[in-house]
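Here is a short note for a colleague who is new to this structure. Please read the points in order with the model open beside them.

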Amino acid sequence: DALVWRQGLRPRVRQTVAGEADFVGQLCQGSAFGPALDAAPDLDIQRWLTDAVQSGLLLAMTAAPDQPSSADDC
């Protein structure tokens, strides 16, 4: 699996790490952080968060809305 995102206007791509595809897939389907993390028991979340912030993959986190977000937000 590969992960593709933009860092500013620059496209980025890299191979996913263990559990990342499941975690990000759950988030894109509107799951909250906790349930998405539960779906990816192999993901080293401390390492992932550090890398995600440094690479621009993760820009912000907000409290869960009353209604699930659409996959278009991912």
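Two strands pair if DSSP finds at least two bridges between them. Keep that rule in mind for the first point. The model is predicted.

1. **The hairpin.** β1 and β2 run antiparallel, joined by 6 bridges. Within this pairing, tryptophan 5 stands opposite arginine 12 in β2. The hairpin has 2 residues between its strands. Look at glycine 8 there: its phi is positive, near 70°.

2. **Cover over β2.** How many of the 6 residues of β2 are buried? The count is 0, and the strand is hardly covered.

3. **The nonpolar core.** In soluble globular proteins, nonpolar side chains tend to be buried together. Here the largest nonpolar core has 11 residues. Among them are Leu3, Trp5, Phe23, Val24, Leu43, Ile45 and Trp48. β1 (2–7), α1 (20–28) and α3 (45–55) each supply at least two residues of this core. Which element gives the most to this core? α3 does, with 3 residues.

4. Isoleucine 45 belongs to the core. Beyond residues up to four places away in sequence, isoleucine 45 touches Phe23, Phe33 and Leu37. Valine 24 is another core residue, placed in helix α1. Valine 24 counts as buried because its relative accessibility is 16%. Leucine 3 and valine 24 sit 21 residues apart in sequence, and their C-alpha atoms are 9.0 Å apart in space.

5. **The aromatic rings.** The whole structure holds 2 aromatic pairs. One joins phenylalanine 23 and phenylalanine 33. This pair is edge-to-face, with 5.4 Å centre to centre and 90° between the planes. Phenylalanine 23 lies in helix α1 and phenylalanine 33 in helix α2 (residues 33–38), so the pair ties together parts 10 residues apart in sequence. Phenylalanine 33 counts as partly exposed, at 29% relative accessibility.

6. **The other ring pair.** Phenylalanine 23 also pairs with tryptophan 48. The geometry is again edge-to-face: 5.1 Å centre to centre, with 80° between the planes. This pair links distant parts of the chain, since phenylalanine 23 is in helix α1 and tryptophan 48 in helix α3, 25 residues apart. Both phenylalanine 23 and tryptophan 48 are buried. Together, the ring pairs link Phe23, Phe33 and Trp48 into a cluster.

7. Find glutamate 20 in helix α1. Glutamate 20 is buried, with a relative accessible area of 0%. What does glutamate 20 touch, leaving out residues up to four places away in sequence? The answer is Leu3, Arg14, Gln15, Gly25, Leu43, Trp48 and Leu57. Of these, Leu3, Leu43 and Trp48 are members of the nonpolar core. Arg14 is the salt-bridge partner of glutamate 20, with the closest N and O atoms 2.6 Å apart.

8. **The other salt bridge.** A search of the whole structure finds 2 salt bridges. Aspartate 51 counts as partly exposed, at 36% relative accessibility. Arginine 47 counts as exposed, at 59%.

9. **A loop residue to check.** Threonine 16 lies in the loop between β2 (10–15) and α1. Is threonine 16 buried or exposed? Threonine 16 counts as buried because its relative accessibility is 18%, and the cut-off for buried is under 20%. Its contacts, leaving aside neighbours within four places in sequence, are Asp1, Ala2, Leu3 and Ala21.

Notes: Residues numbered from 1 in each chain as written. Heavy atoms only, no water. Core = buried A, V, L, I, M, F, W, Y, C linked by side-chain atoms within 4.5 Å. Buried < 20%, exposed > 50% of the residue type's maximum accessible area, 1.4 Å probe, protein only. Helix = DSSP H or I, 4+ residues; strand = E, 2+ residues; numbered from the N terminus. Contact = heavy atoms within 4.5 Å. Phe/Tyr/Trp six-rings, centres within 6.5 Å; stacked < 30°, edge-to-face > 60°. Salt bridge = Lys/Arg side-chain N within 4 Å of Asp/Glu carboxyl O.
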